[in-house]
Structures are given as C-alpha cells and as structure tokens.
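The sequence and the structure come first.

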Amino acid sequence: MVSLLSLLFVFHLLVIMSSSIPTTSEKFAKESPIFPSTKPMEKLTQLHFYFHDHIKGKNPTSLIIVQPPTRFGTLYIMDDFLTEGPSPSSKLVGRSQGMYATSSQHGFDFFMATSFLFTEGIYNGSTLSIVGRNADMPTREIPIVGGTGVFRYARGSAWLTTYMFNVTSGVAIVEYNVSVVHV
Ligand SMILES: *[C@@H]1O[C@H](CO)[C@@H](O)[C@H](O)[C@H]1NC(C)=O
Ligand SMILES: *[C@@H]1O[C@H](CO)[C@@H](O)[C@H](O)[C@H]1NC(C)=O
Ligand SMILES: *[C@@H]1O[C@H](CO)[C@@H](O)[C@H](O)[C@H]1NC(C)=O
C-alpha cells in the first residue's frame, strides 16, 4: 500500500513537472510520441517555418564564395533567417548557417549542407544538420542527418516548397515542413 502511494506521488510530481515546461506555439513545433515504436523513448517533432535567402542588396544573407566560369559549381555561404510565418518581419525562430552549391551541369539543382540553429522556446540553442540535394522541383525532400541539444541523435526529412522567388531583388522565401525523430 505504501509503495502504491509513493508511486502515485511520483506520478503526481511528474505531471506537475511536465506542465511547467515552457511551451511553444503549435504553429512552429508539435511533438508527439511515435506509435508503434520499438524505442519508446524516441519522439517525433514536426516543425513548420519559412527560410529567407537574400542574395542581393545592401545586407545579403548569402554570398558567392567560389565562382567558376560556368554557373555550375558556384558555391554560396549563407547565414539565412528562419521565421514562423512567410513575412520577413514575422517571428524569428532560427537561422540557417551553411553552404549551397549549383551541383547540376544541366539543371538548376543545388547541393545543400547547412545547420539550422533554432532560437525559439525549448529549441533555443538546438541545431539540426541538413545535407542533400535541393532539387529544381516544386517540392523537394532533404535528409536530416543529425542534431544537437533537444534534437540529439536526430534523423528525419525536410520537405521544401518555394513560397516566393524574385530574381530582380534576389529574394527567395522557402516553406519548410520538417519531421524529425530524436531522443
Ligand atoms: C536563447 O539563448 C541565448 C543564449 O543562452 C539567449 O541569449 C537568448 O536570449 C535566448 N533567446 C530566446 C528567444 O529565448
Ligand atoms: C506543409 O504542411 C502543410 C500542412 O500540412 C501543407 O499545407 C503544406 O503544403 C506543406 N508544405 C510542404 C513544403 O510540404
Ligand atoms: C521583385 O523585386 C523588385 C525589386 O525589389 C520589385 O520592384 C518587384 O515589384 C518585385 N516583384 C514582385 C513580383 O514582387
């Protein structure tokens, strides 16, 4: 009887503790248990945000660092920003610090290797590493190969759709849906 009471007490404590964890708006991130899973401790987090890339203007967020005579092989470095909504002035949720390069001789595909550094709520300081082909297609998928902090041992995928691209201003806004499994 005593052990049952102490179990109930521990359970009660856990409930209180979990309700005091700061919450983030469901618009940006939603976490849920995975069913069925062989690893009950793993979680699935779905993130939704917009990526802003400014290649021209006074304060570009990405720069060409290698420019061969052909368009193919151009290498860019970026410190792009991630927001909750499509507007550049909507809430900042993180940054994308990495590189992308034109990797197709005949098309407009990119190879992207970047680290998303999140700054929002419990995700502040956690990163996701994204590496793969950013294809010249309306919707494309790039693998999540790892992460740190909340996203330690991460794996998953990011689905991208171009929301807006203006050649004149050099501004691209890309919608991201990320599904990530982590501990
Ligand atoms: C995120 O963490 C950094 C460093 O700990 C802190 O300076 C910053 O204010 C935090 N940002 C938010 C949005 O909580
Ligand atoms: C992201 O998910 C939303 C809601 O499920 C959907 O409307 C949108 O088309 C998705 N976008 C991408 C890039 O997968
Ligand atoms: C693209 O950017 C240029 C330069 O900033 C601007 O004049 C034009 O209206 C933009 N086009 C669209 C469709 O937003």
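## Pairing of E2

Phe 51 has Val 174 in E10 as its bridge partner. E2 and E10 are antiparallel and are paired over twelve bridges; two strands count as paired if DSSP finds at least two bridges between them. Helices (H or I, at least four residues) and strands (E, at least two) are DSSP runs, numbered from the N terminus. This is a predicted model, in which local features need pLDDT of at least 70 and side-chain atom pairs count only at pLDDT 80 or more, while totals for chains, interfaces and linings use all residues. Residues are numbered from 1 along each chain as its sequence is written, chains are lettered from A and ligands numbered from 1 in the order in which they are written, and side-chain values use heavy atoms, with hydrogens and water left out.

E2 also pairs with E4, in the antiparallel sense, through three bridges.

Strand E4 (residues 75-83) is linked to strand E5 (residues 92-102) by nine bridges, and the two run antiparallel. Thr 83 is opposite Leu 92 of E5.

E5 is in turn joined to strand E6 (residues 110-118) by nine bridges, in the antiparallel sense. Gln 97 has Ser 115 in E6 as its bridge partner. In a regular strand, side chains alternate between the two faces of the sheet.

## The largest pocket

The largest pocket has a volume of about 650 Å³. On a 1 Å grid over the protein atoms alone, a pocket is an open set of points where a 1.4 Å probe fits, with protein on both sides within 12 Å along at least five of seven lines; lining residues have an atom within 4 Å of a point. Grid points are joined across faces, edges and corners, and the volume is the space filled by probe spheres set on them.

The lining of this pocket has 22 residues, and Asp 53, Tyr 100, Phe 110, Phe 165 and Ala 172 lie nearest its centre. Strand E2 (43-54), E6, strand E9 (155-166) and strand E10 (171-182) each give two or more residues to the lining. E10 gives the most, with three residues. By class, the lining has 14 nonpolar, three polar and five charged residues; Ala, Val, Leu, Ile, Met, Phe, Trp, Tyr, Cys and Pro count as nonpolar, Asp, Glu, Lys and Arg as charged, and the others, Gly among them, as polar.

## Ligand 2

Around ligand 2 are Trp 159, Leu 160, Thr 161, Glu 175 and Asn 177, where a residue is near a molecule if one of its heavy atoms lies within 4 Å of it. E9 and E10 are the elements that give two or more residues to this shell, and the largest share, three residues, comes from E9. The shell has two nonpolar, two polar and one charged residues.

A polar side-chain atom of Asn 177 lies 2.3 Å from an oxygen atom of ligand 2. On its own, ligand 2 has 360 Å² of accessible area (Shrake-Rupley method, 1.4 Å probe), of which the protein covers 44%.

## Ligand 3

Asn 166, Thr 168 and Ser 169 are the residues around ligand 3. An oxygen atom of ligand 3 lies 2.4 Å from a polar side-chain atom of Asn 166. Ligand 3 exposes 370 Å² when taken alone, and the protein buries 26% of that.

Technical notes: Polar contact = N/O pair within 3.5 Å; in protein donor to acceptor, adjacent residues only side chain to side chain.
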